[in-house]
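Subject: Structure for your review

Dear colleague,

Please find below the structure that I am handing over to you.

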Amino acid sequence: MDINLGLCAIGAALAMMCGNFSALGEAWICCHAIDGMTRNPEMAGKLRSTMMIGVALTESTGIYSLIVAILIIFVMGLR
Amino acid sequence: MTFEERIADFFTFSFEALDAPLFSSLIVMAILLILAIIIGIQARRQDPSKPSKGLLFFVEWGYEKLEAFVHDTMGADLDYYLGFFFTAIPYLFIAFLIGLTGLPGLVDWIACPLSMAVILFSLIHFTAMRYQHFSYFHRYIDPIPIFLPVNLVTMWTPIISVTMRMFGNALSGTVIIGLVQWALANFEHMIFSGMSSDMAGLILAPIPMGVLNLYFGLFSAYIQTTVYAFLCALWISQERPLPEEEEVGLPDRGTGNLALKGA
């Protein structure tokens with residue numbers, strides 16, 4: 001097997017490890033949102049929508065790493 | 001291509017050179033245009049003393065929600081942006097879903113999210129120039145003039161982040177659905193190798209494909225459209241000075257002193 005393809009796979013895997021941090025960040029956001037909802041149930045709706053916005057923005061860093069991994073595999077790896 | 005050939009190609013139009021998702025975009029615009037005409041006719045015929053029904057009721061509900069959102073997020077004096085949101089939000093939502101109909105996917109074609117991001121970028125800077133006038137240029141020398149090259153680079157980050165967020169979500173959905181489809185096809189072929197290839201594809205695929213399309217289509221569309229709307233509202237409204245800033249003038253960001261009007 002061509003070593004370049006293997007190195008591209010390792011590079012893609014390293015790029016995807018960034019997704020761990022975005023997952024941790026999202027879990028942190030949800031944890032604090034749930035804390036707020038339990039303390040203040042009447043604000044649950046507003047907290048939920050703010051949480052969704054925060055989660056979507058945090059997820060974007062994981063998406064960036066996915067795009068880099070896809071570029072590495074499909075552009076560099078399959079060349 | 002030689003330089004002359006490039007120039008000639010630039011002024012030559014051919015349907016083969018157009019990307020397929022461009023036609024999906026035109027179809028989405030046609031759908032919205034037809035809906036707008038139908039709703040306009042229904043609204044004119046509607047008796048104001050009677051409750052509305054059907055599509056008009058749905059549109060009125062959506063309008064009230066959007067009006068409340070724009071008023072809460074941007075303030076009452078920027079409510080002329082309601083027209084922009086009422087265009088961009090349905091377009092983006094339907095653009096995420098158009099791939100489910102079998103037409104070429106729209107948001108996983110980078111020109112579409114890039115266009116939405118450029119629209120947002122233009123609105124931010126036009127709003128800033130409109131309300132801040134010549135103070136608009138202070139942002140490029142904040143906090144000290146030596147930061148000018150840094151600020152000229154970072155001013156483009158909203159375009160990149162908004163484009164990559166929408167494009168990445170759509171592309172990841174396309175890639176994952178393609179991978180699962182390929183894996184299920186091979187798995188079915190292994191299990192049901194005795195059956196004809198037409199039947200084998202109908203057994204394992206429907207439920208996983210349906211669930212994945214529901215998530216990556218409907219849920220992702222709702223989330224990304226909401227995020228885009230919120231970012232538009234927040235970033236555009238930030239460029240308008242707050243009422244207390246209008247009274248005392250915009251702060252001189254270089255020294256931190258407030259420039260008092262009439263002082």
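The notes below describe what was found.

This is a predicted model, in which local features need pLDDT of at least 70 and side-chain atom pairs count only at pLDDT 80 or more, while totals for chains, interfaces and linings use all residues. Residues are numbered from 1 along each chain as its sequence is written, chains are lettered from A and ligands numbered from 1 in the order in which they are written, and side-chain values use heavy atoms, with hydrogens and water left out.

The interface

Between the two chains, 11 residues of chain A are in contact with 15 residues of chain B (contact means heavy atoms within 4.5 Å). The area buried between chain A and chain B is about 1100 Å², and carbon and sulfur atoms give 82% of this area. Buried area here is the accessible area, found with a 1.4 Å probe, that two parts lose on being put together, summed over both. A:Ile53, A:Tyr64 and A:Ile67 supply 36% of what chain A buries against chain B, more than any other three residues.

By class, the side of chain A that touches chain B has 9 nonpolar, 1 polar and 1 charged residues. In this scheme Ala, Val, Leu, Ile, Met, Phe, Trp, Tyr, Cys and Pro count as nonpolar, Asp, Glu, Lys and Arg as charged, and the others, Gly among them, as polar. There are 0 salt bridges between chain A and chain B (a salt bridge is a side-chain nitrogen of Lys or Arg within 4 Å of a carboxyl oxygen of Asp or Glu).

Helix 5 of chain B and its surroundings

Helices are DSSP runs (H or I, at least four residues), numbered from the N terminus. The 22 residues of helix 5 (residues 111-132) of chain B should span 32 Å at 1.5 Å a residue, and the end C-alpha atoms are 31 Å apart, which agrees; the expected span is 1.5 Å times one less than the number of residues.

B:Tyr131 lies in helix 5 of chain B. B:Arg240 lies in the loop between helix 9 (206-238) and helix 10 (243-248) of chain B, and B:Asp77 in the loop between helix 3 (55-74) and helix 4 (82-97), so the pair ties together parts that are 163 residues apart in sequence.

Backbone features

Most residues other than glycine have a negative phi, and most peptide bonds are trans. Just after helix 5 of chain B, B:His133 takes a positive phi of about 55°, although B:His133 is not a glycine. The peptide bond from B:Asp142 to B:Pro143 is cis, with omega near -20°. B:Pro143 lies in the loop between helix 5 and helix 6 (148-154) of chain B.

Yours sincerely

How values were computed. Helix = DSSP H or I, 4+ residues; strand = E, 2+ residues; numbered from the N terminus.
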